[in-house]
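Subject: Predicted two-chain model for you to look over

Dear colleague,

Please read the notes with the structure open beside you.

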Amino acid sequence: MTKNKDEITRELQELGLSRLASQMKEESGFGVPQGYFDGFSTSVRQKIDASRQKEPATKARFFSLRAAVSMAATFLVLIGMGISFLLLREGKEEGLFSDFDDQIFEEYFARATEYDRALLYDLIIDTEVDEPQQIQSTTSTDYDLYLDYLLEAAQYYGLEPTELIIQNGNDKRH
Amino acid sequence: MVHYSDDELLQRFSQSDNPGYAFDLIVRKYQEQVYWHIRRLVIVHEDASDIAQEVFIKAWKALPEFRGDSGLFTWLYRIATNEALSFLKKKRKRFFLPMEDVEQQLSDSLETDAWFDGSDIEKKIQKAILTLPEKQRVVFNLRYYDEMKYEDMSRILDTSEGALKASYHHAAKKIEKILTS
């Protein structure tokens, strides 16, 4: 950096700012612990090394979070669709949705599925938070039971949540 | 320590088998300037230390793509300025504080900071600087403490030299007024 102390002092004097001009010779009063700068580059190096080592682990956690989010979202969609289906069916029987003919019903379902899938993809892509503790602590047995349930439910409704799981990592089932 | 020019350091970084060593030389060359620039903006040593390290980590990640158009020194100062201002912005948002309150906090921390040992006049100058708007503060510090040319400041802050000169004069007059009041 170019040292311009004289030029800056002169500039301040020309502006009539004598207090600031006279203070130019002084330090700002800030200090650091002794030897701080001796160890600075080592600290930076250690942090860089740590962040390099951390990267694969972060990816692994991110994958499991993605999978968990996709499964949770699929689960919610399936539950929601199940309830909608039951309500629509009940409504039809009771005349609540009497103007719903079969074609409209099918269209609604097709659109809802498409929309929900798009929403799921957005959710997965947008998720950039650390994995919550409760997901990390989920046991593999819980995970398997949960996955079985999801697969059964998906099969029942003619959906394929496995597509989502495949696209988000190499789940052990695939 | 041997002093290399920025061009030599960048060449070593991109061409040697050990870019880590070249980067270490870059850190050693600029660590103090970067740290003090940040420190004058965020005041507290621990915050300045974290931010300064973050600046070099970002530089390490981005250096392979650095084309050298702006010069290493300008580039590092730009990252440091952005990081420091972004830290203050986050601080304000995190605690839902208006800017004046953050400045007041920084001003108060001058009294308690174990690593501030300035005289009364130095403390008064620092407190006066904290009354300036953020960008004016950056301009004042770069000129008054870093003794930087307007030309270099212009490259760092992407602002015309005339505007920087006006901003610095305005800031200096305000500080002088506080000092003499």
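Leaving out residues up to four places away in sequence, Val55(B) touches Val34(B), Leu76(B), Ile79(B), Ala80(B) and Glu83(B), where contact means that the C-beta atoms of two residues, placed from the backbone, lie within 7 Å. This is a predicted model, in which local features need pLDDT of at least 70 and side-chain atom pairs count only at pLDDT 80 or more, whereas totals for chains, interfaces and linings use all residues. Residues are numbered from 1 along each chain as its sequence is written, and chains are lettered from A and ligands numbered from 1 in the order in which they are written.

Val55(B) is one of the buried residues of α3(B), and among the others are His45(B), Ile51(B), Phe56(B) and Trp60(B); a residue is called buried if 20 or more other C-beta atoms lie within 10 Å of its own, exposed if 12 or fewer, and partly exposed in between, with the C-beta atoms placed from the backbone. Helices here are DSSP runs of H or I with at least four residues, and strands are runs of E with at least two, numbered from the N terminus. The 18 residues of α3(B) should span 26 Å at 1.5 Å a residue, and its end C-alpha atoms are 26 Å apart, which agrees; the expected span is 1.5 Å times one less than the number of residues.

Val55(B) also belongs to the largest nonpolar core, which has 50 residues, and it is listed with Val34(B), Ile38(B), Leu76(B), Val139(B), Phe140(B) and Ala172(B) as having the most contacts inside that core. Such a core is a set of buried Ala, Val, Leu, Ile, Met, Phe, Trp, Tyr and Cys residues joined through C-beta atoms within 7 Å. The largest share of the core, ten residues, comes from α2(B). Domain 1 (1-114) and domain 2 (118-181) of chain B both give residues to the core, so it lies between them; the domain bounds come from an automatic or database domain assignment.

Leu132(B) sits in the loop between α6 and α7 of chain B, and it is buried, with 21 other C-beta atoms within 10 Å. Beyond its neighbours within four places in sequence, Leu132(B) is in contact with Arg137(B), Phe140(B), Ala171(B) and Lys174(B). Leu132(B) and Ala171(B) are 39 residues apart in sequence, yet their C-alpha atoms are 6.9 Å apart.

Between the chains, 38 residues of chain B are in contact with 27 residues of chain A. On the side of chain B that touches chain A, α2(B) gives the most, with eight residues. The predictor gives the complex an ipTM of 0.84 and a pTM of 0.64.

As for confidence, pLDDT is the predictor's own score for each residue, from 0 to 100. Chain B averages 90, and 96% of its residues score at least 70, whereas the mean for chain A is 64, with 37% of its residues at 70 or more. In chain A, helix α5 (residues 133-136) is lowest, at a mean of 41, and helix α1 (residues 5-14) is highest, at 90. Where pLDDT is low, the predicted coordinates should not be read in detail.

With best wishes
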